[in-house]
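Reader: I am new to this structure. Please take me through one part of it closely, and then show me what lies around that part.

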Amino acid sequence: MNAQVAIVTFGSALVSYDGVGKSVWDMLSDRHLGEGVELIDGDVVALRTFLGLKEFHGAIIIDALDAGKEEGAIIRLSEKELLGEAEDERPLVSLHDMSVVGALRMLRRVEWELPDEIIFVGVQIGVNKDGLPFYPTFDMEALLIVIDNE
């Protein structure tokens with residue numbers, strides 16, 4: 001394996017609020033990411049995707065989330081912060097086959113080999129007046145700068 005870092009996008013354009021990962025995938029798939037970087041489409045299957053990351057030294061996970069911030073806010077969390085934040089009663093990360101947090105916790109508990117460093121970059125979903133989530137408008141260039149700085 002030549003890639004040292006995986007950029008993993010999660011999400012589905014078919015779900016009203018969960019197209020963030022797909023948008024980032026579309027933007028990055030046409031770019032040269034540099035030596036040692038591989039782009040992975042995690043779709044909505046967090047557990048299976050994480051199982052395939054054991055050969056990478058680092059991973060940047062991109063997904064929609066609800067952290068109670070301003071709609072479209074870009075939020076960077078370390079794995080420790082992500083797992084700590086998720087102890088709150090409401091789910092911090094959108095749910096897929098298993099949440100990103102649930103998959104990470106389970107794999108760490110069984111000591112599955114994962115990248116040494118996992119960084120989460122999320123985009124705060126919007127919520128309409130009826131309390132229903134929706135895909136937020138966000139600054140793609142700002143998100144790409146956060147990724148480039150990792």
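Author: In this predicted model, the largest pocket holds about 350 Å³ of space. Its lining counts 17 residues. Closest to the pocket's centre are Val5, Ile7, Ile60, Ile147 and Glu150. Which elements give two or more residues to this lining? They are strand 1 (5-10), strand 3 (58-65), strand 5 (117-124) and helix 5. By type, the lining divides into 10 nonpolar, 3 polar and 4 charged residues.

Now follow helix 5. This helix spans residues 140-148 and packs with helix 1, residues 20-28. The angle is about 75°, and the axes are 12 Å apart. Angles of 65 to 115 degrees count as roughly perpendicular, so helix 1 and helix 5 are roughly perpendicular to each other. From helix 1 come Ser23, Val24, Met27 and Leu28. They meet Met140, Leu143, Leu144 and Ile147 of helix 5. The residues of this contact divide into 7 nonpolar, 1 polar and no charged.

Next, strand 1. The structure holds 1 aromatic pair. Its partners are Phe10 and Phe50. The pair is tilted, with 5.8 Å centre to centre and 55° between the planes. Phe10 lies in strand 1, while Phe50 lies in helix 2 (residues 46-51), so the pair ties together parts that are 40 residues apart in sequence.

Terms used: Residues are numbered from 1 along each chain as its sequence is written. This is a predicted model: local features need pLDDT of at least 70, side-chain atom pairs count only at pLDDT 80 or more; totals for chains, interfaces and linings use all residues. Side-chain values use heavy atoms; hydrogens and water are left out. Axes are lines fitted to C-alpha atoms, for helices over the stretch in contact, and angles run from 0 to 180 degrees between N-to-C directions. Helices (H or I, at least four residues) and strands (E, at least two) are DSSP runs, numbered from the N terminus. Angles under 35 degrees count as roughly parallel, over 145 as roughly antiparallel, 65 to 115 as roughly perpendicular and the rest as oblique. Contact means heavy atoms within 4.5 Å. Ala, Val, Leu, Ile, Met, Phe, Trp, Tyr, Cys and Pro count as nonpolar, Asp, Glu, Lys and Arg as charged, and the others, Gly among them, as polar. On a 1 Å grid over the protein atoms alone, a cavity is a set of points where a 1.4 Å probe fits but cannot get out, and a pocket is an open set with protein on both sides within 12 Å along at least five of seven lines; lining residues have an atom within 4 Å of a point. Grid points are joined across faces, edges and corners, and a volume is the space filled by probe spheres set on the points. Rings of Phe, Tyr and Trp (its six-membered ring) pair if their centres lie within 6.5 Å; planes under 30 degrees apart count as stacked, over 60 as edge-to-face and the rest as tilted.
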